[in-house]
Amino acid sequence: MIKELDPVVLTEGLPEAGLQAGDVGWVVMVHGAGAGYEVEFLTLAGETVSVVTLAASAVRPVRKKEIAHARAVAN
(Lines give C-alpha, C1' and ligand atoms only; values in the text may rest on other atoms or scores of the structure.)
Protein backbone atom coordinates (compact mmCIF):
# COMPACT_ATOMS: atom_id res chain seq x y z
CA MET A 1 0.00 0.00 0.00
CA ILE A 2 1.19 3.52 -0.81
CA LYS A 3 1.69 5.68 2.28
CA GLU A 4 2.38 9.35 2.99
CA LEU A 5 5.91 10.41 1.95
CA ASP A 6 6.30 7.44 -0.41
CA PRO A 7 7.66 8.20 -3.88
CA VAL A 8 5.26 7.28 -6.70
CA VAL A 9 5.41 7.19 -10.49
CA LEU A 10 2.78 8.98 -12.58
CA THR A 11 1.12 6.51 -14.98
CA GLU A 12 -0.53 9.11 -17.23
CA GLY A 13 0.47 12.50 -18.54
CA LEU A 14 -1.04 15.66 -17.05
CA PRO A 15 -0.03 18.40 -19.52
CA GLU A 16 -2.10 21.04 -17.71
CA ALA A 17 0.12 20.47 -14.66
CA GLY A 18 3.34 20.21 -16.69
CA LEU A 19 3.68 16.50 -15.91
CA GLN A 20 4.44 13.46 -18.05
CA ALA A 21 3.84 9.77 -17.48
CA GLY A 22 6.89 8.45 -15.67
CA ASP A 23 7.46 11.57 -13.56
CA VAL A 24 8.22 10.81 -9.91
CA GLY A 25 6.42 12.60 -7.09
CA TRP A 26 5.97 12.20 -3.34
CA VAL A 27 2.68 11.47 -1.60
CA VAL A 28 1.77 14.25 0.81
CA MET A 29 -1.70 12.97 1.69
CA VAL A 30 -3.65 9.73 1.30
CA HIS A 31 -7.37 10.07 0.56
CA GLY A 32 -10.04 7.47 1.31
CA ALA A 33 -7.73 4.68 2.53
CA GLY A 34 -5.81 4.72 -0.75
CA ALA A 35 -8.59 5.65 -3.19
CA GLY A 36 -6.58 8.73 -4.14
CA TYR A 37 -3.49 10.73 -3.29
CA GLU A 38 -2.23 14.29 -3.05
CA VAL A 39 1.16 14.16 -4.77
CA GLU A 40 3.88 16.81 -4.96
CA PHE A 41 6.20 16.83 -7.98
CA LEU A 42 9.53 18.65 -7.55
CA THR A 43 12.51 19.64 -9.64
CA LEU A 44 15.84 18.09 -8.66
CA ALA A 45 16.66 21.45 -7.04
CA GLY A 46 13.65 21.08 -4.72
CA GLU A 47 11.27 23.55 -6.39
CA THR A 48 7.64 22.47 -6.53
CA VAL A 49 6.39 21.94 -10.08
CA SER A 50 2.88 20.88 -9.15
CA VAL A 51 0.77 19.46 -6.35
CA VAL A 52 -2.12 17.41 -7.71
CA THR A 53 -4.89 15.21 -6.39
CA LEU A 54 -4.87 11.90 -8.24
CA ALA A 55 -6.94 8.73 -8.33
CA ALA A 56 -5.05 5.63 -7.23
CA SER A 57 -5.04 4.45 -10.86
CA ALA A 58 -2.93 7.49 -11.89
CA VAL A 59 0.12 6.49 -9.82
CA ARG A 60 2.05 3.38 -8.92
CA PRO A 61 4.75 2.63 -6.38
CA VAL A 62 8.39 3.03 -7.39
CA ARG A 63 9.85 -0.36 -8.27
CA LYS A 64 13.09 -1.63 -6.77
CA LYS A 65 15.05 -1.82 -10.06
CA GLU A 66 14.08 1.62 -11.49
CA ILE A 67 16.31 4.63 -12.08
CA ALA A 68 15.26 8.29 -12.21
CA HIS A 69 15.65 10.26 -15.46
CA ALA A 70 16.03 14.05 -15.58
CA ARG A 71 14.14 16.36 -17.96
CA ALA A 72 13.61 20.12 -18.11
CA VAL A 73 10.24 21.60 -17.18
CA ALA A 74 8.63 24.75 -18.54
CA ASN A 75 9.12 27.94 -16.51
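Let's start with arginine 60, which touches Ile2, Val8, Val9, Thr11 and Glu66, leaving aside residues up to four places away in sequence (contact means heavy atoms within 4.5 Å). This is a predicted model, in which local features need pLDDT of at least 70 and side-chain atom pairs count only at pLDDT 80 or more, while totals for chains, interfaces and linings use all residues. Residues are numbered from 1 along each chain as its sequence is written, and side-chain values use heavy atoms, with hydrogens and water left out.

**Arginine 60**
- Arginine 60 sits in strand E5, residues 59-61 (helices, H or I of at least four residues, and strands, E of at least two, are DSSP runs numbered from the N terminus).
- The side chains of arginine 60 and glutamate 66 are joined by a polar contact of 2.5 Å (a pair of N or O atoms within 3.5 Å; within protein, one must be able to donate a hydrogen and the other to accept it, and residues adjacent in sequence count only if both atoms are side-chain atoms).

**Strand pairing**
- E1 and E5 run antiparallel and are joined by three bridges (two strands pair if DSSP finds at least two bridges between them).
- Leucine 10 stands opposite valine 59 in E5.
- E1 is also joined by three bridges to strand E2, residues 24-31, and these two run antiparallel.
- In E2, tryptophan 26 is the bridge partner of proline 7, and valine 24 is that of valine 9.
- Tryptophan 26 also stands opposite glutamate 40 in E3.
- E2 and E3 run antiparallel with five bridges.
- Four residues lie between the strands in the hairpin of E2 and E3, where glycine 32 takes a positive phi near 50 degrees.

**Nonpolar core**
- The largest nonpolar core has 14 residues, and Val39, Leu54 and Val59 have the most contacts inside it (a set of buried Ala, Val, Leu, Ile, Met, Phe, Trp, Tyr and Cys residues joined through side-chain atoms within 4.5 Å; buried means under 20% relative accessible area, with a 1.4 Å probe and protein chains only).
- Strands E1 (7-10), E3 (36-42) and E4 (48-55) each supply at least two residues of this core, and E3 gives the largest share, three residues.
- Among the residues that valine 39 touches are Val8, Trp26, Val52, Leu54 and Val59.

Terms used: Buried means under 20% relative accessible area, exposed over 50%, partly exposed in between (1.4 Å probe, protein chains only).
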